[in-house]
Amino acid sequence: MSSRRRLDRRGAGLLAILLVQILCAIFFLANILSSVLGLVPISWQISEYIELGAALGLLLGVVLGVIVLQRTLRRSAEIEDQLRRASGAFMQMLEDRFDSWRLTPAERDVALFAIKGLSGADIARLRGVSEGTIKAQSNAIYRKAGVSGRGQLLSLFLDDLMVLPEPDKDWSKDDAQDKASA
């Protein structure tokens, strides 16, 4: 089942819970107002049955709300776990690349800071060395990685993160579905 269908189904379930609770609240408010204003009430037996149904509707809303909350919390924990694993996998990929390029510990630090987007001056300040040293280390990193600059270095890692579309997949169907749902 696609994630869009799951979201639609969840949204419909939440909307149903909300509607039941709103109807129950409207009933209780109308019942109280009719008593206060002295409007002609319905017979007490029918009123009791309606109140019982409204109370059950509110209770059902609470139970379903708890179920939805549990599922949401579980899904959130799963996503956080996946993110943690992906982050660890990315760091392992970095280490593997650094190993294959035979970077020194200082070059590894500089490469990691560069990939994180720090400027040469920031890296120099963090490492307590001159900007000239950082430039020399950066050039050594680029040479060992076979790239000409920071952008190409970063693109090596972005390419590993990006999942290319399946060559056999017909993307026109997805585009047509997106246009139909818009």
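In this predicted model, helix 2 and helix 3 pack with their axes 11 Å apart and at an angle of about 135°. That angle lies between 115 and 145 degrees, and the two helices are therefore oblique to each other. The crossing of helix 2 past helix 3 is right-handed.

**Contact of helix 2 with helix 3**
- Helix 2 contributes Met91, Leu94, Glu95, Phe98 and Asp99 to the contact.
- Helix 3 contributes Arg108, Ala111, Leu112 and Ile115.
- By type, the residues of this contact comprise 6 nonpolar and 3 charged, with no polar ones.

**Nonpolar core**
- The largest nonpolar core holds 18 residues, and those touching the most other members are Phe98, Trp101, Leu103, Ile115, Ile141, Leu153 and Phe157.
- At least two residues of this core come from each of helix 2 (44-100), helix 3 (105-115), helix 4 (120-127), helix 5 (131-145) and helix 6 (150-161).
- Beyond its neighbours within four places in sequence, Ile115 is in contact with Leu94, Phe98, Leu153, Leu154 and Phe157.
- In soluble globular proteins, nonpolar side chains tend to be buried together.

**The chain as a whole**
- The chain contains 7 helices and 0 strands, giving the pattern α-α-α-α-α-α-α along the sequence.
- Of the 182 residues in the chain, 19% are buried.
- Among contacts with a separation of 6 or more, 56% join residues 24 or more positions apart.

Key. Residues numbered from 1 in each chain as written. Predicted model: local features only at pLDDT ≥ 70, side-chain atom pairs only at ≥ 80, totals over all residues. Heavy atoms only, no water. Core = buried A, V, L, I, M, F, W, Y, C linked by side-chain atoms within 4.5 Å. Buried < 20%, exposed > 50% of the residue type's maximum accessible area, 1.4 Å probe, protein only. Helix = DSSP H or I, 4+ residues; strand = E, 2+ residues; numbered from the N terminus. Contact = heavy atoms within 4.5 Å. Axes fitted to C-alpha atoms, helices over the stretch in contact; angles between N-to-C directions. Parallel < 35°, antiparallel > 145°, perpendicular 65-115°, else oblique. Left-handed = near helix turned anticlockwise from the far one by under 90°. Nonpolar A, V, L, I, M, F, W, Y, C, P; charged D, E, K, R; others polar.
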